[in-house]
Amino acid sequence: MPPSTTGATAQGAYTTKAYPKDPYQYQLGFGNRFASEALPDVLPRGQNNPQKNKYGLYNEGMTGSPFIAPRNENLQAWMYRIRPSVAHQGFNRLPDNPDMESSFLPLNPKVHVSATQLAWYPFKLPPENEQVDFVEGMKTVAGNGDPTLREGLAIHMYLANTSMDKRAFCNGDGDMLILPQQGRLDIQTEFGKMMVRPGELCVIQRGMKFKVILPDGPSRGYIQEVFGAHFSLPDLGPLGGNGLANPRDFETPIACFEIDQSSWEIVYKVAGQLHACHQEHTPFDVVAWHGNYVPYKYDMEKFIFVGSISRDHIDPSIFCILTAKSKQSGIPLADLLVFGERWDVASNTFRPPYYHRNSASEFLALIYGSYPGRSDGFLPGGASFETGFCPHGVDYDVWNAASHGELLPEKISQGSLMIMFESSMPLTITDYAMNRSGVKHEHEPMMWDNLRANFMSHLDEINADLKAAGLPQLGSTQ
């Protein structure tokens, strides 16, 4: 089979340079209208849908929003490909993956509600004697809503040890935000290729075909899927025009195509069900494309941290990389937060996360490094969950050290990267995560036993102060 052909430039666009760990080039920017061609002068000039294309290519349009969406929300792409997607042999229903879930309504007997904190040791990779690719290795942990309602989200793990071969995946339910924790992902999309390493994220938007190769062997990571919404950059408000995740640091593939005319399987996820069609040509035969409905990736180590430089904490929204809107005005469906190496300088302040009960549901995961103060076993490849208003915070030892230590400027989270999926919605937990993963454990409440009522040892001092103020003393019946 002749080799693939890769375009080196996008018309008028700046591209990155390849390096050994990532051999691909990318266009830069978030939300841009990009254009890329793998062969010279293939993109039509001045129109999207010409009567005839160069080299006999087919026009194919794809929309990521309703046709009449406002211009700033209107998402679309035009592709010019060797054979169109309609050239296939029909669809067949595939067996259900028992570890995947799509409906998170409490009426579903396969999901559970947890009032307490939950945690998981690192999720287990497939055994060596089983071949499991990215699609087969998806395991749903938690979620909200249902894709047929176009509102909600799902949190998955992927646990894979085999590259996809002559097989692609197309998620018709939602956008997938993918974060590798172990091993790079070599992701081929209709728009081009992305190499995504631990510490980076990528987003494959709804309806886009892709396949995953594992260049480093067995791989594990996290997926946040949103139904009906798309990820966007959070508003910066008083921060102004810069900070957090800068738009110029997002990377979109350049056109790359194959001329493979052999048999392929395309797996579609629709309303949580898996269906497959076969076709006698590669789905990755797009010679040129343009539009703003594209896959992209981002290096989380480029995140610009902001924080207090005087006293007290700022809300964790300052750590937000991407957000997805809910149908309720001003309320996000899902946020992705990142906690990495940064300076901590606040004076007269309890610096770790204070004890709190937030309305949001929180799902934390460690990409690499360590994070002190949580329950035992919070390790890279595992996870932790708190439902809304569940009280949580650091253990006694961390509290004690932070309450009595000298408050010097210090660099925290060195060599560590932790992410949080945060949602305004209540999440239910899947049967896989609750009963079958083999790695679940609950946070040990005894970690807070030493947080005694120190107030009680000050009763004499308190009563003296009350007496001096002419007020009734504690325990007094007056």
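Which residue does UniProt list for the feature "active site"? Please describe the surroundings too.

Modeller: UniProt places "active site" at His-313, in an unreviewed entry. UniProt positions are given here in the numbering used for this model, feature names are shortened, and annotations may be inferred rather than shown by experiment. The model is predicted: local features need pLDDT of at least 70, side-chain atom pairs count only at pLDDT 80 or more, and totals for chains, interfaces and linings use all residues. Residues are numbered from 1 along each chain as its sequence is written, and side-chain values use heavy atoms, with hydrogens and water left out.

Start with His-313 itself. His-313 sits in the loop between strand E24 (296–299) and strand E25 (320–325). Helices (H or I, at least four residues) and strands (E, at least two) are DSSP runs, numbered from the N terminus. The relative accessible area of His-313 is 36%, so this residue is partly exposed. The scale is as follows: buried is under 20% relative accessible area, exposed is over 50%, and partly exposed is in between (1.4 Å probe, protein chains only).

Now its partners. Contact means heavy atoms within 4.5 Å. Leaving aside neighbours within four places in sequence, His-313 is in contact with Thr-349, Phe-350, Arg-351, Pro-352 and Tyr-354. The His-313 side chain also reaches the backbone oxygen of Arg-351 at 3.3 Å.

Tyr-371 lies in the loop between strand E28 (361–368) and E29. Tyr-371 is partly exposed, at 23% relative accessibility. With neighbours within four places in sequence left aside, Tyr-371 is in contact with Pro-353, Leu-366, Phe-378 and Met-418.

His-392 is found in the loop between E29 and H1. His-392 has 7% relative accessibility and therefore counts as buried. Not counting residues up to four places away in sequence, His-392 touches Gln-117, Tyr-354, Tyr-355, His-356, Glu-362 and Glu-386. The side chain of His-392 makes a polar contact with the side chain of His-356, at 2.8 Å. A polar contact is a pair of N or O atoms within 3.5 Å; within protein, one must be able to donate a hydrogen and the other to accept it, and residues adjacent in sequence count only if both atoms are side-chain atoms.

Gly-388 lies in the loop between strand E29 (383–386) and helix H1 (396–404). Its relative accessible area is 25%, so Gly-388 is partly exposed. Gly-388 touches Asn-358, Ser-359, Ala-360 and Ser-361, residues up to four places away in sequence not being counted. Gly-388 and Met-425 are 37 residues apart in sequence, yet 8.3 Å apart in space, C-alpha to C-alpha.

Last, the nonpolar cores. A nonpolar core is a set of buried Ala, Val, Leu, Ile, Met, Phe, Trp, Tyr and Cys residues joined through side-chain atoms within 4.5 Å. The largest has 49 residues, of which Phe-134 and Ile-178 touch the most other members. Apart from that core lies another, of 48 residues, including Tyr-298 and Phe-385.
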